[in-house]
Amino acid sequence: MGKISLVVVLLLCLLAFANANAFSVMVAVTEDNIDNPQSCQEQIQSQKLNHCRMYISRSHQHFNDELSMVTDDDHEINQAQEHLQQCCQELRNMDTQCRCPALKKMVMQDCGRQGEEAQRMLGKARYIPRMCNIQPTQCSF
């Protein structure tokens, strides 16, 4: 009877130790990958979002506020679509929580835009994740 109790106690201790180690590893991974603003800053700096910039800039010139076409130039349409597809890829290369801050920073830094123009550009950038079919589907800025 004493041997069985000793084995049970040892198994319980081993199980408790294994659970504690698994918990600490999971916490460390979660903290490093999800809410690390330093990681977002690094991603924003490494992903310049050049295609997103080009898409917003061209759509600003060739689309009205509802994002519908106002030009019949097929070349411009194709270029805009190509920039959008590449922009989507740039955003997919980032963590989900970094995408909207990156778009906002890109618009605000782009040529020092301010006021109404910046608001129009932010309005267009807000819906890019939805057009790319990625999360979040809309940025709130």
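Reply: Read along the sequence, the pattern is α-α-α-α-α-α-α. The chain has seven helices and zero strands. The model is predicted, so local features need pLDDT of at least 70, side-chain atom pairs count only at pLDDT 80 or more, and totals for chains, interfaces and linings use all residues. Residues are numbered from 1 along each chain as its sequence is written, and side-chain values use heavy atoms, with hydrogens and water left out.

Me: What makes a stretch count as a helix or a strand here?

Reply: Both are DSSP runs, numbered from the N terminus: a helix is H or I with at least four residues, a strand is E with at least two. Helix α6, residues 115–126, has twelve residues.

Me: How do you know what span to expect for α6?

Reply: The expected span is 1.5 Å times one less than the number of residues. For α6 that gives 16 Å. From first C-alpha to last, α6 reaches 16 Å, close to the expected value.

Me: Why is C40 called buried?

Reply: Buried means under 20% relative accessible area, exposed over 50%, and partly exposed in between (1.4 Å probe, protein chains only). C40 has 11% relative accessibility, so C40 counts as buried. C98 has a relative accessible area of 0%, so C98 is buried. In α6, the buried residues include A118, M121 and L122. Of the 141 residues of the chain, 30% count as buried.

Me: What makes C40 and C98 a disulfide?

Reply: A disulfide is a pair of cysteine sulfur atoms within 2.5 Å. The S to S distance of C40 and C98 is 1.9 Å. The pair therefore meets the cut-off. The angle about the S-S bond is -85°, and the link is left-handed. C40 lies in helix α2 and C98 in helix α5, so the bond ties together parts 58 residues apart in sequence.

Me: Which other pairs are joined, such as that of C52?

Reply: C52 is joined to C87, S to S 1.9 Å. This link is right-handed, with 90° about the S-S bond. C52 lies in helix α3 and C87 in helix α4, so the pair ties together parts 35 residues apart in sequence. Both cysteines, C52 and C87, are buried.

Me: Why is the disulfide of C88 and C132 called left-handed?

Reply: The torsion about its S-S bond is about -80°, so the disulfide is left-handed. It links distant parts of the chain, with C88 in helix α4 and C132 in helix α7, 44 residues apart. The sulfur atoms of C88 and C132 are 2.0 Å apart.

Me: How many disulfides does a search of the whole structure find?

Reply: Four. With the bonded cysteines numbered in sequence order, the pairing is 1-5, 2-3, 4-7, 6-8.

Me: What makes a set of residues a nonpolar core?

Reply: Its members are buried Ala, Val, Leu, Ile, Met, Phe, Trp, Tyr and Cys residues, joined through side-chain atoms within 4.5 Å. The largest such core has 25 residues. L49, I56, L91, L103 and I128 have the most contacts inside it. Helix α5 gives the largest share of this core, six residues.

Me: What does L91 touch, not counting residues up to four places away in sequence?

Reply: Contact means heavy atoms within 4.5 Å. L91 touches L49, C52, R99, L103, I128 and I134. Across the chain, residues 24 or more positions apart account for 69% of the contacts with a separation of 6 or more.
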